[in-house]
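Visitor: I would like to learn how to read a structure feature by feature. Could you take me through one, giving the general idea before each case?

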Amino acid sequence: MPFWLKKTGKFLVDCIELYLPMLTFTVLFVSFMSQIVARYLFKPLIWPEELSLICFIWTALLGGLYAKRTGSHVAFTMLYDAAKPSLQKAMRIAGNALLLTSLILIFIPSWNYIQFMAYKKSDALRIPMNWAYFPFIVFLADMIVRLVIDIVKDIAGKVGGGGKP
């Protein structure tokens, strides 16, 4: 694979998993603070709450992808840590395969439902709800690709294949 293609791909993944959640969190924070200021100093506003809820969805889902990439998500690994390396590998493959199967099964129904939600708009900002919930599709697609990569690395026996479950 050419170097420029790898670099471009990494930049796009960084935009989705790192920069976009930073931006949505910043918007969330500013809208939340403006809502507080408006409530106590002026008249309560509806749009900041709606915007902060939509930004929270985007931040949580896309930020979760970065946590998967870095392996910094919360995991309860008492049994995993006590197992031998060969059993750990089998546990990783089984867990990732189970999760992969689940995510593949819900991908098309989720896509259809989110596209169906295009008719509905948010009350204050009139944002189509399919835009509000679209990060879930991005989350599913990214997780499916990452889980496939982790399973292939574990099966191939490469070091660092997947990390802890």
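This is a predicted model: local features need pLDDT of at least 70, side-chain atom pairs count only at pLDDT 80 or more; totals for chains, interfaces and linings use all residues.

Guide: Let us begin with a term: a residue is called buried when its relative accessible area is under 20%, exposed when that area is over 50%, and partly exposed in between.

Visitor: How many disulfides does the structure hold?

Guide: A disulfide requires two cysteine sulfur atoms within 2.5 Å, and the structure holds zero disulfides. For C15, the nearest cysteine sulfur is that of C55, which lies 17 Å away, and C55 likewise is in no disulfide.

Visitor: How is a pair of aromatic rings described?

Guide: A pair of aromatic rings is described by the distance of the centres and the angle of the planes. The structure holds four aromatic pairs. In one of them, Y113 and F116, the ring centres are 6.0 Å apart and the planes stand at 40°, so this pair is tilted.

Visitor: What kind of pair do F136 and F139 form?

Guide: Planes under 30 degrees apart count as stacked, and the rings of F136 and F139 have their planes at 15° with their centres 6.4 Å apart, so this pair is stacked. These residues are three apart in helix α6 (residues 135–156), which means that about one helical turn lies between F136 and F139. With a relative accessible area of 28%, F136 is partly exposed, whereas F139, at 19%, counts as buried.

Visitor: Which residues make the nonpolar surface patch?

Guide: The patch is made by F25, F29, V30, F32 and M33, and its area is about 480 Å². One of these residues, F29, is found in helix α1 (residues 3–41), and at 45% relative accessibility F29 counts as partly exposed.

Notes:
Residues are numbered from 1 along each chain as its sequence is written. Side-chain values use heavy atoms; hydrogens and water are left out. Patches are made of residues with over 30% relative accessible area and no salt bridge: like charges are joined within 9 Å, nonpolar side chains (Val, Leu, Ile, Met, Phe, Trp, Tyr) within 5 Å. Accessible areas come from the Shrake-Rupley method with a 1.4 Å probe; for residues, only the protein chains shown count as cover. A salt bridge is a side-chain nitrogen of Lys or Arg within 4 Å of a carboxyl oxygen of Asp or Glu. Helices (H or I, at least four residues) and strands (E, at least two) are DSSP runs, numbered from the N terminus. Buried means under 20% relative accessible area, exposed over 50%, partly exposed in between (1.4 Å probe, protein chains only). Rings of Phe, Tyr and Trp (its six-membered ring) pair if their centres lie within 6.5 Å; planes under 30 degrees apart count as stacked, over 60 as edge-to-face and the rest as tilted.
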